[in-house]
Amino acid sequence: MSSSIFSSETVRRYGALPRKERFWHAAIAVAAAIAVLVCREIPPRLYGTSGCQGGSLGSTAVASLSDRTEVLFAGSSHVLFGVRPQRFTVHAMNLAGTWLDYTCIRAVVARHLHRVPNLKVAVIEYDELPYVSDLVPAIVATRDVRPLQELGLSPAEFPTAGAMQAGEVFATSFMFPFTGLPRVTPLAWRNRDKSCSPLYHPPRGFAPGYYYTDGVTPKNFNAGAVFNSLAKASQKVNVVRRNAAALTATIALLRSRGTSVVLLRLPHARDYVTQRPPIVSARFRELQRIAIAASRSDAGIAVWDLGEDPAFAPADFCDNNHLNAAGADKLAKLLDAPLRALASKTVAEVP
């Protein structure tokens with residue numbers, strides 16, 4: 001005879017218990033479920049959904065979207081560190097996050113298009129990182145839903161690969177107030193600022209959608225670790241194909257609204273390409289083919305590749321592939337006129 005508590009014999013015996021006793025069991029289970037749901041709501045109400053007082057980079061960016069927004073940037077940390085929306089003369093904003101892949105970019109852009117009815121130009125990061133990365137499994141592994149939650153996505157909107165991953169996302173999201181936010185104790189309240197990750201609320205402060213990069217790169221920064229991560233990610237063909245399809249779908253969605261699309265490769269330090277692993281370079285060449293084909297078939301799609309632009313010197317970077325504040329200001333000066341021209345539906349000279 002099976003000893004499993006889920007055997008039919010166990011169910012039969014439980015069904016034979018007096019009805020009143022089973023009723024009380026159900027009442028206790030319902031009360032426990034309600035207690036868990038109530039307790040789950042307390043940490044976010046005390047500490048905020050991100051654990052950061054005053055909002056996060058992502059949540060403030062989302063809140064700033066309006067019918068005045070004409071240019072929208074979307075991408076990974078390259079955009080978060082490299083594009084300062086406040087430096088443009090056209091009303092612009094970033095929807096960006098670390099290791100944001102094209103499936104996530106599509107979900108974020110689609111989620112917020114209703115907030116920007118007068119959007120003229122969408123600038124999407126054109127780089128191997130969003131092409132090969134896969135953010136949702138990392139969210140599940142770290143039990144931290146903030147990368148997409150703070151950009152306004154609900155668990156149902158996370159771009160998951162199958163029912164099992166979707167279930168993991170819902171479980172992670174449900175447990176996050178317990179596992180990721182401070183406990184409801186006097187000590188946790190006193191130390192509540194320590195729970196806020198600098199990724200969401202930099203110590204120096206921030207402007208919506210832009211991370212001030214001064215001092216952000218540690219002295220022991222290891223570019224090799226980044227390349228190793230990219231090389232490992234590049235081997236997952238199913239992820240790469242899914243990202244390619246998501247990028248194509250995002251472009252189609254934007255163009256269906258009459259929005260111009262710019263695929264922008266942000267500047268990288270001069271030693272970046274020479275150190276890039278062969279498989280990562282091969283993936284970027286794939287992405288190049290997709291981007292060039294799209295721009296040739298539709299005049300409303302432009303490819304601006306500033307990856308090796310000589311105008312950017314070593315002093316413009318905080319590491320070998322992220323611009324610092326000076327570099328971001330230089331980029332804004334370079335892009336402002338072309339973006340303003342696109343937004344006003346005139347012919348812009350590609351930088």
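Colleague: What should I know before I start?

Modeller: The model is predicted: local features need pLDDT of at least 70, side-chain atom pairs count only at pLDDT 80 or more, and totals for chains, interfaces and linings use all residues. Residues are numbered from 1 along each chain as its sequence is written, and side-chain values use heavy atoms, with hydrogens and water left out.

Colleague: How many helices and strands does the chain have?

Modeller: Helices (H or I, at least four residues) and strands (E, at least two) are DSSP runs, numbered from the N terminus. This chain has 15 helices and seven strands. Its C-alpha trace spans about 80 × 45 × 45 Å along the principal axes.

Colleague: How many of the residues are buried?

Modeller: Buried means under 20% relative accessible area, exposed means over 50%, and partly exposed lies in between (1.4 Å probe, protein chains only). Here, buried residues make up 47% of the 351 in the chain.

Colleague: What share of the contacts joins residues 24 or more positions apart?

Modeller: A contact means heavy atoms within 4.5 Å. Take the contacts with a separation of 6 or more: residues 24 or more positions apart account for 77% of them.

Colleague: Which residues have the most contacts inside the largest nonpolar core?

Modeller: A nonpolar core is a set of buried Ala, Val, Leu, Ile, Met, Phe, Trp, Tyr and Cys residues, joined through side-chain atoms within 4.5 Å. The largest one has 54 residues. Leu95, Tyr102, Ile124, Leu148, Leu254 and Leu263 have the most contacts inside it. Look at Leu148. Leaving out residues up to four places away in sequence, Leu148 touches Leu100, Cys104, Val108, Leu135, Val136, Ile139, Leu153, Phe158 and Pro159. There is also a second, separate core of 32 residues, which includes Ala96, Val121, Leu266 and Ala343.

Colleague: Is helix H5 enclosed or open?

Modeller: Helix H5 covers residues 102-112, and eight of its 11 residues are buried, so it is largely enclosed by the rest of the structure. The buried ones are Tyr102, Thr103, Cys104, Ile105, Ala107, Val108, Val109 and His112.

Colleague: Which residues make the nonpolar surface patch?

Modeller: Patches are made of residues with over 30% relative accessible area and no salt bridge; like charges are joined within 9 Å, and nonpolar side chains (Val, Leu, Ile, Met, Phe, Trp, Tyr) within 5 Å. Accessible areas come from the Shrake-Rupley method with a 1.4 Å probe; for residues, only the protein chains shown count as cover. Val30, Ile34, Val38, Ile42, Leu46, Val184 and Trp189 make a patch of about 590 Å². Helix H2 (residues 19-47) gives the largest share, five residues. An α-helix has 3.6 residues a turn, so residues three or four places apart point the same way. Ile34 sits in helix H2, and is partly exposed at 47% relative accessibility. The chain as a whole exposes about 17200 Å², of which carbon and sulfur atoms supply 59%.

Colleague: How many disulfides does a search of the whole structure find?

Modeller: A disulfide is a covalent bond between the sulfur atoms of two cysteines. The cut-off is a pair of cysteine sulfur atoms within 2.5 Å. The search finds one. It joins Cys52 to Cys196, with S to S at 2.0 Å. The link of Cys52 and Cys196 is right-handed, with 95 degrees about the S-S bond. Cys52 lies in the loop between H2 and helix H3 (57-64), and Cys196 in the loop between helix H10 (186-190) and strand E4 (206-207), so the pair ties together parts 144 residues apart in sequence. Cys52 is buried at 4%, and Cys196 is buried at 15%.

Conventions
A salt bridge is a side-chain nitrogen of Lys or Arg within 4 Å of a carboxyl oxygen of Asp or Glu.
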